[in-house]
Amino acid sequence: MLVFSLALLFAADAAPIKVLIVDGQNNHAWKVTTPLIKKALEDAKIFQVEVATSPPSGDLSSFKPKFSDYQVVVSNYNGQMWSKETREAFNDFVKNGGGFVSVHAANNAFTSWLEYNEMIGLGGWGGRNEKNGPYVRIKDGKVVRDESKGNGGSHGRQHAFLMQLLDTEHPITKGLPEKWMHAQDELYDRLRGPAKNLKVLAYAKAEKSTGGSGENEPLLMTVDYGKGRVFHTALGHGVEAMKCVGFIVTLQRGTEWAATGKVTQTTIPADFPTAEKTSSRK
Ligand code: ZN
């Protein structure tokens, strides 16, 4: 009996985490970046990754991924509204304990879908403004909400920038260097949204000299949504950003956490960027 139980435990531990990436529409090069997201996850050796691609335009009623077959959904989608059936299935999936990872422009999607905006916490563009919720900034080490009027979502010139941890104890960030240089990317600023049950893990200063807001902007976040967990990375505009070891490691950890509530990938790779120098994989 004991042997039988141990065998079951081992089998459960060894089973890969089932991940579904959704894409098919995005104002970004999703045909190039989805394979990078997939590779980053597969390289962790704990995920089994599939991709669901929506039609490129027109009638989306055929786009009905079976979310409940997976433990976590990773969105590389920023496009037309999904069908009511698909929206409800996705909302049920996360509310009932499924994991969700929002990558970069996935936080531009679905301005008018309230539940989605509660999942991502903060979003940008798509007509977002003060009606969608506050700006969220980090001042003197604290998360501050700013209800002032204005559009949601902007960014300055692409550049490499310094990521800074706000939460060093969360499973996603525990053990990571407190600061590292992220490779060339868009630094999203002025995001706004419901920001309910939102935890900021890491941020960067959007310097005015590069066209930014001048504020410390949240870039890695978590949201508790019903019984589900959401990891939101605002990083990942393109190839340079997604090949950054900091992007890869936080995506791997964030996806595991969203799926299971734990992070077993505790070893920091030797090529993790430092506060002085970016580091990218081929
Ligand atoms: Zn972008």
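## Basis of the model

Residues are numbered from 1 along each chain as its sequence is written, and side-chain values use heavy atoms, with hydrogens and water left out. Because the model is predicted, local features need pLDDT of at least 70 and side-chain atom pairs count only at pLDDT 80 or more, while totals for chains, interfaces and linings use all residues.

## Overall dimensions and composition

The protein contains six helices and 13 strands; these are DSSP runs numbered from the N terminus, with helices being H or I of at least four residues and strands being E of at least two. Its C-alpha atoms fill a box of roughly 65 × 45 × 35 Å along the principal axes.

Of the 282 residues, 54% are buried (under 20% relative accessible area, with exposed over 50% and partly exposed in between, for a 1.4 Å probe and protein chains only). Among contacts (heavy atoms within 4.5 Å) between residues at least 6 apart in sequence, 69% join residues at least 24 apart.

## The largest nonpolar core

A nonpolar core is a set of buried Ala, Val, Leu, Ile, Met, Phe, Trp, Tyr and Cys residues joined through side-chain atoms within 4.5 Å. The largest one has 78 residues, of which V22, W82, F90, F100, Y116, M163 and L219 touch the most other members. Helix α6 (residues 245-260) supplies the largest share of this core, eight residues.

Leaving aside residues up to four places away in sequence, M163 touches residues including W180, Y203, L219, L220 and L235.

## Helices α2 and α6

The axes of helix α2 (residues 30-42) and α6 come within 9 Å and cross at roughly 70°. Axes are lines fitted to C-alpha atoms, for helices over the stretch in contact, and angles run from 0 to 180 degrees between N-to-C directions. In this contact, I37, A40 and L41 of α2 meet I248, L251, Q252 and T255 of α6.

## M181 in strand β9

M181 lies in strand β9 (residues 179-185) and counts as buried at 17% relative accessibility. The C-alpha atoms of M181 and V245 are 9.9 Å apart, although 64 residues separate them along the chain. Beyond four places in sequence, the residues touched by M181 include A160, F161, L162, C244 and P273.
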